[in-house]
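Here is a friendly walk through one protein chain, written to be read with the model open beside you. Please keep the viewer handy as we go from one region to the next.

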Amino acid sequence: MKNINFLLVLIFLIASCGGEKKKEKQETLANKTKLVLSESQMEHIKIDTVHEQRLADQLAAVGVVSFAEDNVVRIYPIVSGTVEKIFVSLGDYVQKGQRMATMLSMDMSQIQRDYNISKSNFSVEEKNLARAQELFSAGMMSEKEFANAKKDYNNALSELNERTQILKLYGGSSSDLDAIYNVAAPRSGYVVERVITEGTLIRNDNNTNIFTISDLKTVWVWASIHESDLSKVAEGDEVQVKTIAYPDKIFTGRVKKVATMLDPSSRVIKIRTELRNDEGLLKPEMFATVLLTPKTSEKIKVISNTSIILENNQYYVMVETGKNEFRKVQIKTGRVFHYFTEVLDGVDIGQRVVTEGSLFVLTAFNQL
């Protein structure tokens, strides 16, 4: 019996020691659950959130950035003449009504001359009508003669109004015959095209624009889709666009138009996507990679491919737990796509993970 009691006490003491060692180990692990980075270290990393992404048969295509034609104004000359002075350069921002250039034009000279002639004729007819009114009131002019005087006056007034409207339309000066035509901006925006220099001879019948203005807040990206992939694309599909100039930045938008004709030589069809460009980063003629995702597809939980680190045949991410604080979390991954990877377990939507510099942060964490 004494031997049994002694054995029970020994077992209890061993269990107590094991429990204390386990507790100490847990405390040690607890102290290693987070890494705190300095502000200078934070400047070398980027963070993004775990989010939902539509899943479908994604399609990658080559695209080119262009103007959003709905927001583009091309200025065509409405008179012939010689460019006298240019006040704006390519890339300048202009306000609506701002003078962009001046032209010396015989057309403007004729318009101004016609205006001044009609103004002079009206002045004469106005005096004639006043004299006729006095004669008619004194009984010294017949009613027919007075009616003709009023008719001449009304004709002169109509002619003056017409010439005034034409002069206003062409932006001419009514004070003198300077033969100057002012090219004014019809809307606010950036000067994205200029095809004239001082001294250029302009003809109003050659149908060539001299300036192009666009606000560039919205751009179009035209992508080329092979005939075999046409069934995978529809208006409204989500698109992600990457450019050579900004390889780490993804621009998002939707398919706005699918062309109705195939190119007979290349057997491709053009699709038009529309993107917001508030920062003005996307420039016309830039090459782009366009990733299309059909709008009728399931949603999955994803993170950026650059967030994931392989260590000992396991996948990990560094999760933000507080200001400049991070912890190492093991995740279970699913399918891998162009820019992101499906996450099956380990992190939740909305959690913030390191996307750039993740290996640096994990190495620092392992050294704790």
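## A serine and its neighbours

Leaving aside residues up to four places away in sequence, S358 touches T306, S307, I309 and M318, where a contact means heavy atoms within 4.5 Å. S358 belongs to helix α5 (residues 358-366); helices here are DSSP runs of H or I with at least four residues, strands are runs of E with at least two, and both are numbered from the N terminus. With a relative accessibility of 5%, S358 counts as buried. Buried means under 20% relative accessible area, exposed means over 50%, and partly exposed is in between, using a 1.4 Å probe and protein chains only.

Before going further, please note that this is a predicted model, in which local features need pLDDT of at least 70, side-chain atom pairs count only at pLDDT 80 or more, and totals for chains, interfaces and linings use all residues. Residues are numbered from 1 along each chain as its sequence is written, and side-chain values use heavy atoms, with hydrogens and water left out.

## The chain as a whole

The secondary structure comes to five helices and 23 strands. Of the 368 residues, 36% count as buried. If we take contacts between residues at least 6 apart in sequence, 76% of them join residues at least 24 apart.

T293 lies in strand β17 (residues 287-293) and counts as buried, at 1% relative accessibility.

## Aromatic pairs

How many aromatic pairs does the count give? It comes to five, where rings of Phe, Tyr and Trp (its six-membered ring) pair if their centres lie within 6.5 Å; planes under 30 degrees apart count as stacked, over 60 as edge-to-face and the rest as tilted. One of the pairs is F136 with F146, a stacked pair at 4.7 Å centre to centre and 10° between the planes. This pair links distant parts of the chain, with F136 in helix α3 (residues 106-137) and F146 in helix α4 (residues 143-169), 10 residues apart. F136 is partly exposed, at 31% relative accessible area, whereas F146 is buried, at 8%.

The rings of F337 and F340 have centres 5.1 Å apart and planes at 35°, so this pair is tilted. F337 is buried at 17% relative accessible area, and F340 is buried at 4%.

## Charges over rings

## Two loop residues with positive phi

L216 is not a glycine, yet it has a positive phi of about 60°. L216 lies in the loop between β12 (211-214) and β13 (218-226), and it counts as buried at 13% relative accessibility.

N324, also not a glycine, has a positive phi of about 65°. The loop between β20 (314-322) and β21 (325-336) holds N324, which counts as buried at 10% relative accessibility.
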